[in-house]
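Okay, thanks for letting me have a few minutes. Let me put the chain up on the screen, and then I'll walk you through it.

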Amino acid sequence: MKGNQNRLVLIGEPLATLEEFFPGDGTFERNGIIYSSRIGRVNVDKDRRELGVIELKPLLIPKLGFKIIGSVTSFSSHYVNVKIFYMNRVRLNYEHTGVVGRESFGRVYPRFRTGSLRSYVRENDLVYGAVMSTVNVTLIDLSDKEYGVVKAYCSTCGNPLTFFKKYLSCSSCRTRENRKISVFYDEPIDKLVTRV
């Protein structure tokens with residue numbers, strides 16, 4: 001067999017001969033040569049002497065309305081970067097970044113007169129939202145009451161914040177912080193994923 005098990009192969013790539021292996025799922029045989037019938041990773045079943053190809057999951061392309069769960073990674077002058085973990089109930093196996101901007105909050109934004117996006121989200125916050133634009137970047141909508149921060153951490157000591165009345169509170173250092181909070185705040189991620 002050419003190369004190692006688990007290597008990435010393309011459609012039509014020769015993998016081995018019939019003398020070495022039997023053709024398995026994701027392969028075909030022609031003139032005694034086993035070829036890949038899909039893009040994926042080589043899988044060898046040594047007990048059955050079978051050679052197969054496990055198909056790679058295709059990249060999920062964001063579309064308007066797709067719901068996401070992600071983590072705030074950094075701030076720029078006008079946008080917040082969010083590393084997206086889930087999109088439409090699918091756990092992403094590749095890195096995809098979305099952005100949150102002032103337009104992400106709709107009419108809610110003027111409520112915070114400071115003008116800072118840090119009044120809505122902060123680093124390491126987990127957010128739940130929807131894709132509102134895919135032009136140039138994946139822009140995330142956090143304006144609806146179901147969207148917003150679902151898990152936040154104290155910017156002073158790093159402990160998880162608990163929701164108390166209209167603000168978030170740290171039980172360790174007694175800090176109070178504001179966020180654009182989702183109605184699903186503090187819901188376990190596995191349950192939240194079913195809403196995505």
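I'll start with confidence, then go to one strand and its partners, and finish with the core.

So, this is a predicted model. The mean pLDDT of the chain is 87, and 92% of the residues reach 70 or more. Confidence is highest in strand 11, residues 126-133, with a mean of 95, and lowest in helix 1, residues 189-193, at 85.

Let's stay with strand 11. Seven of its eight residues are buried, so the strand is mostly covered. Which strands does it pair with? On one count, strand 8 runs antiparallel to strand 11, joined by five bridges, and there you'll find Ile-69 opposite Tyr-128. Strand 13 also pairs with strand 11 in the antiparallel sense, over three bridges, with Val-127 facing Val-149. Then there's strand 12, residues 138-141, antiparallel again with three bridges; here Val-131 has Ile-140 as its bridge partner. Strands 11 and 12 make a hairpin with four residues between them, and Asn-136 in that turn has a positive phi of about 70 degrees.

Now the core. The largest nonpolar core has 35 residues, and Val-121 and Leu-142 touch the most other members. Strands 8, 11 and 13 are among the elements that each supply at least two residues. Beyond its sequence neighbours within four places, Val-121 is in contact with residues including Val-72, Val-127, Leu-142 and Val-149. There's also a second, separate core of nine residues, Ala-16 and Ile-34 among them.

How values were computed
Residues numbered from 1 in each chain as written. Predicted model: local features only at pLDDT ≥ 70, side-chain atom pairs only at ≥ 80, totals over all residues. Heavy atoms only, no water. pLDDT = per-residue confidence, 0-100. Core = buried A, V, L, I, M, F, W, Y, C linked by side-chain atoms within 4.5 Å. Buried < 20%, exposed > 50% of the residue type's maximum accessible area, 1.4 Å probe, protein only. Contact = heavy atoms within 4.5 Å. Pairing = 2+ DSSP bridges.
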